[in-house]
Amino acid sequence: MLAARLLAGLRPHLPEARFHGIGGPRMMEQGFVSDIEMDRLTVRGLFEIIPRYREIKGIQNTLRDRLLAERPDVFIGADYPGFNLGLEQQLKEAGIPTVHFVSPQIWAWRGGRIKKIIKAVSHMLVIFPFEEEIYRKAGVPCTYIGHPLAEVIPMEPDVAAARTALGMPLGARVIALMPGSRMGELKYLAEPFVGAVKLLAARDPDLRFVAPMAGERQRQYFTELIAKAGLQSVRIDLLDGRSHDAIAAADAVLVASGTAALEVALFKKPMVIAYKVMRASYEIMRHMGYQPWIGLPNILAREFLVPEILQHDVTPQKLADAMWEQLNNAANRKLLVQRFTEMHHSLLRNSAQESAAAVMRVIAASKKSS
């Protein structure tokens with residue numbers, strides 16, 4: 001989604017350009033050609049990558065060889081620093097300008113990565129305002145472009161319209177469930193999320209639940225868990241995508257840590273953030289962290305605005321208790337609307353225009369120097 005916004009901004013400047021590499025369907029809508037299926041790179045956690053390492057390294061080498069032969073005007077690595085930074089360093093050393101879009105979270109953990117970024121990145125595009133100063137101090141050219149989600153999500157979401165679109169009563173109490181789009185996330189979060197639904201439905205049988213599913217595999221997995229928990233009588237609507245409708249319609253959201261939590265904040269909704277990975281990965285990441293927050297809304301606020309439930313604490317009871325508080329605390333809801341509105345304004349820029357202009361400057365500088 002982020003890269004698609006960038007491509008939309010670039011196309012008017014480069015109407016005849018060939019955009020290709022690795023990308024998803026929203027990028028393809030902008031005329032992008034994906035040489036390799038993006039799903040082949042889907043992996044999360046530290047130890048989880050080990051069985052996939054040779055495959056992913058092979059993809060990286062294949063792409064590198066193609067690009068070194070082609071010598072594109074610019075290479076843009078969108079997020080995924082474990083894959084892109086190594087590739088960018090090799091391309092930059094060969095004289096190909098590199099742009100990295102979405103900073104690695106060096107302000108949260110693995111700050112030593114800045115040394116590799118200096119070697120690998122010609123220009124950094126950042127989506128959070130506080131990141132710009134970090135790179136300027138390190139001597140890495142940088143542009144703050146705002147967060148594209150802040151443009152996509154309305155400042156005042158239309159709850160009634162979302163509920164009507166989903167066929168939900170306007171007066172119902174609705175909880176959205178967002179356990180992640182990838183099977184790796186569902187493996188750790190879906191079962192405790194479903195367990196929390198069971199406990200919440202017991203407290204209030206009139207509660208409605210809505211869960212956007214990223215694909216058929218995710219839907220099937222979630223459906224099996226619902227049946228196993230004996231929740232056939234609970235109103236749980238599984239959607240094909242439509243995550244923004246689900247969030248807009250909800251009174252509160254149970255969400256996996258990541259970009260989805262920021263989406264919930266931009267929709268000004270109370271939430272509980274959950275995070276769980278392989279135990280060994282979590283222990284290493286915990287000791288490498290620099291700050292007490294994991295969820296993006298809390299990181300941006302620099303305080304625990306919303307609850308975070310991590311690793312061994314991700315149980316149905318703890319999730320349900322935290323969700324019940326978020327659902328029923330009217331004063332907290334009012335505070336969150338205020339704070340999340342301020343956050344929304346701070347992230348709002350014309351990201352497509354800003355990012356495209358920065359990329360065009362990199363291309364122009366490269367041509368001038370050559």
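Which helix is largely enclosed by the rest of the structure, and how many of its residues are buried?

## Helix H12

In this predicted model, the helix is H12, which covers residues 259-266. Seven of its eight residues are buried, so H12 is largely enclosed by the rest of the structure. A residue counts as buried when its relative accessible area is under 20%.

The buried residues of H12 are Ala260, Ala261, Leu262, Glu263, Val264, Ala265 and Leu266. Just after H12, Lys268 adopts a positive phi of about 65°.

## Fold and dimensions

The protein chain contains 17 helices and 12 strands. Its radius of gyration is 21 Å, close to the 21 Å given by the globule rule for 370 residues, so the chain is as compact as a globular protein of that length. The C-alpha trace of the protein chain spans about 70 × 40 × 40 Å along its principal axes.

Among contacts in the protein chain with a separation of 6 or more, 65% are accounted for by residues 24 or more positions apart.

## Burial and surface

Across the protein chain, 51% of the 370 residues count as buried.

## Charge

The protein chain carries 46 positive and 38 negative charges.

How values were computed:
Residues numbered from 1 in each chain as written. Predicted model: local features only at pLDDT ≥ 70, side-chain atom pairs only at ≥ 80, totals over all residues. Heavy atoms only, no water. Helix = DSSP H or I, 4+ residues; strand = E, 2+ residues; numbered from the N terminus. Rg over C-alpha atoms; globule rule 2.2 N^0.38 Å. Buried < 20%, exposed > 50% of the residue type's maximum accessible area, 1.4 Å probe, protein only. Contact = heavy atoms within 4.5 Å. Lys, Arg positive; Asp, Glu negative; His and termini not counted. Charge placed at Lys NZ, Arg CZ, Asp CG, Glu CD.
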